[in-house]
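The tour goes stop by stop.

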Amino acid sequence: MVKTGFFPDYSDANPYQQELAEALERKGHRVEFFDENCSISKKARKENLDVVHLHWLAPYIHEENLPETLFKTFSTALKLLLLKLNNYKTVWTAHNIESHDGKNHRTERIFKRLCTKFLFDRIVTHCNSAKREVKRNYRATENQVEVIEHGNYIDSYPNKIGKAEARGKLGLDAEKTVFLCFGQIRKYKGISELVEQFKKIESRKAALIIAGNDSDTELASKIKKRASEDRRIEVHDCFIPEEEIQIYMNASDCIVLPYRKITTSGILVLAMSFGKPVIAPKKGCIPEHSSKEDSILFESTDNLGDAIQRYLDEEATEKGKRNLQKAREMDWDKIAEKTRNLYGDIHKKRKLMFFSSF
């Protein structure tokens, strides 16, 4: 039985890792979670891991300034090298091609390129577009990158509240067409552009809710100020508990993802899992997960207003139904099987350790 460690443990904020781990364990695989503050190399040895699976690299690279970032990056690279010398196998899932908020992207790109060349045994992406980006940006080989789809969130959150009850809890008019922008308020998400574009929409029937934790307090303050100029826009800048996600999702008619840049979107998968139509950019994995037949896709945030108006002008209920059907096909057991095969393939190549200790 192959034993894998997931680094870092972000399962409290995102059900992706927990869903994957549970599906792998149903197939007899063992998965352990480790937070970002522990030593990767020490944990691999202490817990006798066969595979170190890195899901997000940002916490092992970025600090507030360049000297600290360089030190942290070098330290992480050294730990991964020790793993390599001891024949531990390392997998990186490229949820994002580049960290959203990191300040030293040049350092990050060099680190990832070196790791791809010398330290990562396999790289997982969630779509073919991301695979091409990893190959182009980090010079990965064709056989080094494996496309394994993102699983759905259909059973990850409660979903028992109907539309009328959900709107009642949020104080929303039953006749409104409600657009929802859900998730943490961060610059790369293009929420400022969404507010400006929505304000140009003339329909009094339209309403916009922006709901999520204000991880960027200054940005959230600016968005709230601009949104206050239009009574149709509400900003709920707070943490949304898991049991309340269904309220926001089921109260809305359409989910808006105004990303400036994106690789994989968990919010897209969440929207699909709730059977919602989506307005999203033609970027990253989005067109492969939800095509123009299932969603309204736009080229840039300058086109957001047109996309919202298009939703108001056409019947889009069927798009949500098709998204739900696609989400059902994003089955965790199938994904776990592909992941298990990947682990098994690289584990066969594991040899005796060169060193008895680090």
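Buried means under 20% relative accessible area, exposed over 50%, and partly exposed in between (1.4 Å probe, protein chains only). Cysteine 254 counts as buried because its relative accessibility is 1%.

This is a predicted model, in which local features need pLDDT of at least 70, side-chain atom pairs count only at pLDDT 80 or more, and totals for chains, interfaces and linings use all residues. Residues are numbered from 1 along each chain as its sequence is written, and side-chain values use heavy atoms, with hydrogens and water left out.

Stay on the cysteines. How many disulfides does a search of the whole structure find? One. The cut-off for a disulfide is a pair of cysteine sulfur atoms within 2.5 Å.

Select cysteine 127 and cysteine 285. Their sulfur atoms sit 2.1 Å apart and form a disulfide. The S-S torsion is about -75 degrees, so this disulfide is left-handed. Cysteine 127 and cysteine 285 are both buried.

Now select cysteine 238. Its sulfur is 14 Å from the closest cysteine sulfur, in cysteine 181, which is too far for a bond. Cysteine 238 is partly exposed, at 35% relative accessibility. Go back to cysteine 254: it is in no disulfide, and the nearest cysteine sulfur, that of cysteine 181, is 11 Å away.

Last stop: threonine 90. Find it in strand 4, residues 89–93. Strands (E, at least two residues) and helices (H or I, at least four) are DSSP runs, numbered from the N terminus. Threonine 90 is buried, at 1% relative accessibility. Show its contacts (heavy atoms within 4.5 Å). Leaving aside neighbours within four places in sequence, threonine 90 touches residues including Val52, Leu54, Phe120 and Arg122.
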